[in-house]
Amino acid sequence: MARKTKSKTTSAPAKETVQLTAETEGDDAAPEVEPIDSEDDDDVDEASESESQSESEEEYDSAAEDDEGDDANHPDEESSDFDPEVSDEDEFEDQGSSDDDEDRLERQMKDDDDDDESDVEILEELDVVRSWPKELTGKKRAGGPNSTAVKPADRDEKGAAASSSASDAVTAADADTTAKWMHADDLSSDDEDADGAGNRIGRVPLHWYDDYDHIGYDAHGQRVVKSQSSSASKDILDRVIDAADDLEANAAGNGKFTVYDALNARDVALTPRQVELIRRLQSGAFAHPEHDANPDYVAYFSGVDPEVSGLNSDRYEKKSRFQPSKWEKLQVRRLLHRLKCGSINMDYLEGRVRDMNDLVSKSKDEDPSGDKPFLLWKGDEEDELALRKGPQHMPAPKLPPPGHAYSYNPPEEYLPNEQELKEWEELDPEDRPYGHFVPKKHPNLRSVGAYEHAVRERFERCLDLYLCPRAMKRRLNIDPESLVPSLPKASDLRPFPTAKVVAYEVPETNATKKEDAAVMVRCLTVSPDGQFLVSGDENGVVRLWEVQTGRLLRSWDLMLVLSVGEENDDQNDKSQQGEPQTKKPVSSLEWNPNRSHHCLLATIGKCAIVISTGTGGPDDSELTDALLSAASACKHGGNIAPESRAAKAVKWTSLQHKKSSKSSSNVNANTPPISAYGTASGPICLLRTNRECTHVQWHRKGDYFVTVSPKAGAAAVLIHQLSKAASQQPFGKVKGEIQLACFHPQKPFLFVASKEHVRVYHLVKQMMVKRLMSGCRHISSLDVHGSGDHVVVGSLDRRLVWFDLDLANTPYKTLKYHERALRSVGFHPRYPLMASASDDGSIHVFHSMIYSDLMRNPLIVPVKVLRGHNVVNSLGTLAMVFHPTQPWLFSAGADGKIHLFQDL
């Protein structure tokens, strides 16, 4: 019997169902039951409803019989503990069924049959909702064929049932009549689907469910089965027949209005109230009939006099009550504009004339001709065209005014001769000086006849204006002076050197006593205290000067020192020693920056020579001797490791232990120290490199110094320590030809300049930190500011390049003030000054203020151009150096002169 019921259930047509849930207590609860009882569809007729009800009763009866049979066969077993191997479900599957919906429906029916009455009573006691209530539709009306029958308790009492159904019909009719005029909508909740039976798939395309028998899922996770009787499942012919039946039913008064709900795949019948609401909305009336748009006024007030004590009696006055109206202001402005333009007059404003057209017609009646004199050119036509609305007016270009050649009595130089007339005739009119016009001389103005080409020229002029496009070219009326940056006055930036005060005369030698010959001074350096000046010339002589008086104190001929070095060098043979040596210039000089160390460095040829000046006091002389002790006593090439790279690049030679030799005595004889406390004065030691040495630079502490030999390759840069007479080669290979090198004033950085770049190396980390791209062809000079953040570079292509190391590796400023190559650039150690010397014989002094505020850029202002040197053989000012404590400047040139410029 159970198997037969299952087959009936699966073969029944799909219908809209009401979902039931079965719940039991304990861990062995029965599985969730899916719907098995079908609900009456709104669009199914009465016959189909009765069939479905009888069919569902048979299903319940068969399920009950199956339940009794199961209880009889297995009285001691629960439904949840049955053996799956012998269950009816497996037997049903063995018959060939593969439909999941039918299997699940069979399992739910079996689980529902296994529940006993005790479980149901417990659920009712716990107030658990067993099922969702049915929705009342407008189809079940009193007196209709589909009205709901009232089931009496006793089926034998038919009269009581009839009377009950009649009373219900009357009540339903009264409710429909009342709903037309009363607000009967239930607005207690905004939820349109209170029971949760509607489709809850959200914004999912409905065509995804075209191939399924359901349209989605409800709030409880159950499928919403498509209604087979809906209009969407019917063809066009059935829809036409249903529409005709609905029209006939509506005409008879017992019809219904249905709409298709695509979300739930079913037809929804509209209630009479819903139809009434739609009709009122279409007619433009209020939706609810009970709404009163014009209710009776109720005077809400608290007090005896409603005018004084009303609801708004204590309100503040509006702000618009005591502020001028913007609308009135706009109207007044428009009227004033129209009055100014003449479109209205005072009669119109005062109300004497209602329309301005009356005045126009009246004026025409008074003056029928209407010919009043007016000005053809008022002078403001261009302004009116420029101010009018629409496209911008572009006036035609004006013709140039006539010159002297167009005069009736032109000067003789404007009158062409016969040869010129023949040449003009061969040219086109566009190439002639005056076009078609030929200058002629007339005795008086009355003799001037009509111009024969007047019409032609005017036609060509009009043709050009018509065919040639014109564009408005806006000229920028900018004052050129405004484009120049506003710089402070030079007088406000004092002090800086302005005038030549002291000249240091270089003595002439026998070789320079020729006519128009002078000793070329190539380098300068100043002592840290500013008392002494040292110069080096092209003959290899180093001279010590007194700054204040210009007196020559000492002179050292370094060519003799080179000869001593060659005698001590084992690599030179005797034949080379006897040959006469050519004069070599002193290429670089540098005084020790430490005030306690009175010594200096000079480079000549392949050698760098340490010279003791003998200008120190009692304490400074002892410190200087201690510093030079290792260098004066060095032997066997200095304290350099034999396996190091520097051992092959440089060799230290002492000049103090060779006093017995003749040349050595010539070097040190008759050169007593200037100071009474000095112990030595003159060259102390010599450092010989493999190639020409061109540059030398001290470290700020006065112990280390660096030498540069551009042609030496990897050994171009050598770092030496004077206190230990030791040297080291920092680079294994170099890129390009090294020109200059100097130390950072505060950090362990080394600046190495090639011809085009400046590389910054970290001596501790032994790595390159930054590479500065100067954009120059050949760098000739380099200097670092005392702060260490700014570098200035001079080049042979007239460029002065300023680098700000905090900004970028490109120049911050590039200045081109000189006419020829730059030979020397430098910062003042104390004042905000910078200067550059060039081969044009001039020195440019700049005010270079560097601010501690990182947000402000340096201020660079040219303040003075110093001139005092002559250009000799295309060479001008070769050296320049600032005084360490005063705003003074020393300069040396190719003319053999040394000058001191002071601020006067």
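Two residues are in contact when heavy atoms of theirs lie within 4.5 Å. By that rule, among contacts between residues at least 6 apart in sequence, 53% join residues at least 24 apart in this chain. What you're looking at is a predicted model, where local features need pLDDT of at least 70, side-chain atom pairs count only at pLDDT 80 or more, and totals for chains, interfaces and linings use all residues. Residues are numbered from 1 along each chain as its sequence is written, and side-chain values use heavy atoms, with hydrogens and water left out.

Of the chain's 904 residues, 34% are buried (under 20% relative accessible area; exposed is over 50%, partly exposed in between; 1.4 Å probe, protein chains only).

Now for the salt bridges (a side-chain nitrogen of Lys or Arg within 4 Å of a carboxyl oxygen of Asp or Glu). The structure has 13 of them, including these:

| Pair | N to O distance |
|---|---|
| Lys441 and Glu412 | 3.0 Å |
| Arg543 and Asp537 | 2.4 Å |
| Arg799 and Asp797 | 3.4 Å |

How does burial look for these pairs? Arg543 and Asp537 are both buried. Lys441 is partly exposed at 44% relative accessible area, while Glu412 is exposed at 53%. Elsewhere, salt bridges link Asp347, Glu350 and Arg352 into a network.
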